[in-house]
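Here are my notes on the model, for comparison with your own reading.

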Amino acid sequence: MDYFLLLPEGCVCHILSFTSPKDVVIASAISRGFNSVAEFDVIWENFLPDDYEDINSRYVSPRISLSKRQLYFSLCDFPVLMDGGKLSFSLDKKTGKKCFMISARELAISWGVDTPWYWEWISHPDSRFSEVAHLKGVSWLDIRGTIGTQILSKRTKYVVYLVFKLAKDHDGLEIANAFVRFVNRVSDKEAEERASVVSLVGKRVRRRKCNVKRPRKRVDGWMEIELGNFINDTGDDGDVEARLMEITRLHGKGGLIVQGIEFRPE
């Protein structure tokens with residue numbers, strides 16, 4: 001017998017509001033008592049970020065009116081642009097935690113401004129942003145992205161990724177260093193000393209006494225490489241910066257196509 005059918009709908013809603021989006025989906029699949037209220041806005045509104053109305057006001061294109069359940073899953077499956085197209089926002093489907101991607105245009109890219117012989121800005125059919133950065137050729141590769149911790153989900157571990165593709169003629173991207181730091185607490189020098197080693201090309205690279213991180217393919221067709229991670233406790237730690245660099249081996253590098261840097265709950 002499904003005893004949840006005997007409970008008042010308000011009681012069932014109250015129970016589900018203390019669970020997670022994943023738990024609600026599972027419960028509604030195995031219990032008719034839960035399924036009868038799983039569409040209720042009062043449940044799914046609880047899983048939207050507390051500051052959702054503020055985020056909504058910053059969208060590039062207003063969203064059509066949806067139920068809270070439809071809105072939740074829409075934000076999980078279809079990232080939206082905000083702040084004039086400089087940033088994209090989505091939700092992690094299992095937890096409802098906030099995800100953000102900083103567009104390439106908002107990154108600090110050495111030699112990336114007004115130097116089209118080094119970096120060019122082009123449209124790309126697979127990008128959520130209007131422009132991506134295409135590396136034509138540099139010897140000094142340095143890319144930084146910064147976001148304020150106050151906009152991220154609290155009490156959450158975030159992993160940061162460079163989201164990119166490789167052109168057919170890519171070169172010199174076998175090895176780079178990457179790190180993530182709280183700007184107000186850790187200096188560049190300190191962060192560089194503990195930087196991880198990454199390879200953008202995905203091939204096994206031999207390096208003594210260190211593990212080399214390699215990229216993986218995303219469901220949207222792009223590649224991603226982990227730059228580092230951090231814990232956002234109360235959102236009061238100021239800015240957090242992610243950086244990819246290769247500034248010691250000054251050989252030619254080219255063929256990197258950057259969509260952005262993504263901050264995503266683990």
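1. The largest pocket has a volume of about 480 Å³. A pocket here is an open set of points on a 1 Å grid over the protein atoms alone, where a 1.4 Å probe fits, with protein on both sides within 12 Å along at least five of seven lines. Grid points are joined across faces, edges and corners, and the volume is the space filled by probe spheres set on the points.

2. This is a predicted model, in which local features need pLDDT of at least 70 and side-chain atom pairs count only at pLDDT 80 or more, while totals for chains, interfaces and linings use all residues. Residues are numbered from 1 along each chain as its sequence is written, and side-chain values use heavy atoms, with hydrogens and water left out.

3. The lining of the largest pocket comprises 19 residues, and those nearest its centre are L48, P49, D50, K97 and S153. Lining residues have an atom within 4 Å of a point. By class, the lining holds five nonpolar, eight polar and six charged residues. The classes are nonpolar (Ala, Val, Leu, Ile, Met, Phe, Trp, Tyr, Cys and Pro), charged (Asp, Glu, Lys and Arg) and polar (the others, Gly among them).

4. At least two lining residues come from each of α6 (68–77), β2 (87–91), β12 (216–217) and β15 (254–265); helices (H or I, at least four residues) and strands (E, at least two) are DSSP runs numbered from the N terminus. The lining of the second largest pocket divides into five nonpolar, one polar and 11 charged residues.

5. T156 belongs to strand β8 (residues 156–171). Its relative accessible area is 5%, so T156 is buried (under 20%; exposed is over 50%, partly exposed in between, with a 1.4 Å probe and protein chains only). The T156 side chain reaches the backbone oxygen of K154 at 2.8 Å. Beyond four places in sequence, T156 is in contact (heavy atoms within 4.5 Å) with K97, F230, I231, N232 and P265.

6. There are 25 salt bridges, each a side-chain nitrogen of Lys or Arg within 4 Å of a carboxyl oxygen of Asp or Glu. Side chains of opposite charge can pair when their charged atoms come close. Salt bridges that share partners join R128, R216, R218, D220, E224, E262 and R264 into one network.

7. What does the pair D188 and R144 tie together? The two side chains meet in a salt bridge at 3.1 Å, N to O. D188 lies in helix α7 (residues 188–193) and R144 in strand β7 (residues 141–148), so the pair ties together parts that are 44 residues apart in sequence. D188 is partly exposed at 23%, and R144 is partly exposed at 21%.

8. E246, in strand β14 (residues 239–246), is buried at 1% relative accessibility. Its salt bridge is with R249, the closest N and O atoms being 3.3 Å apart; R249 is partly exposed at 32%. The side chains of E246 and T248 are joined by a polar contact of 3.0 Å (N or O atoms within 3.5 Å, one able to donate a hydrogen and the other to accept it; residues adjacent in sequence count only if both atoms are side-chain atoms). Not counting residues up to four places away in sequence, E246 touches S139, W140, L141, I175, A176, H251 and K253.
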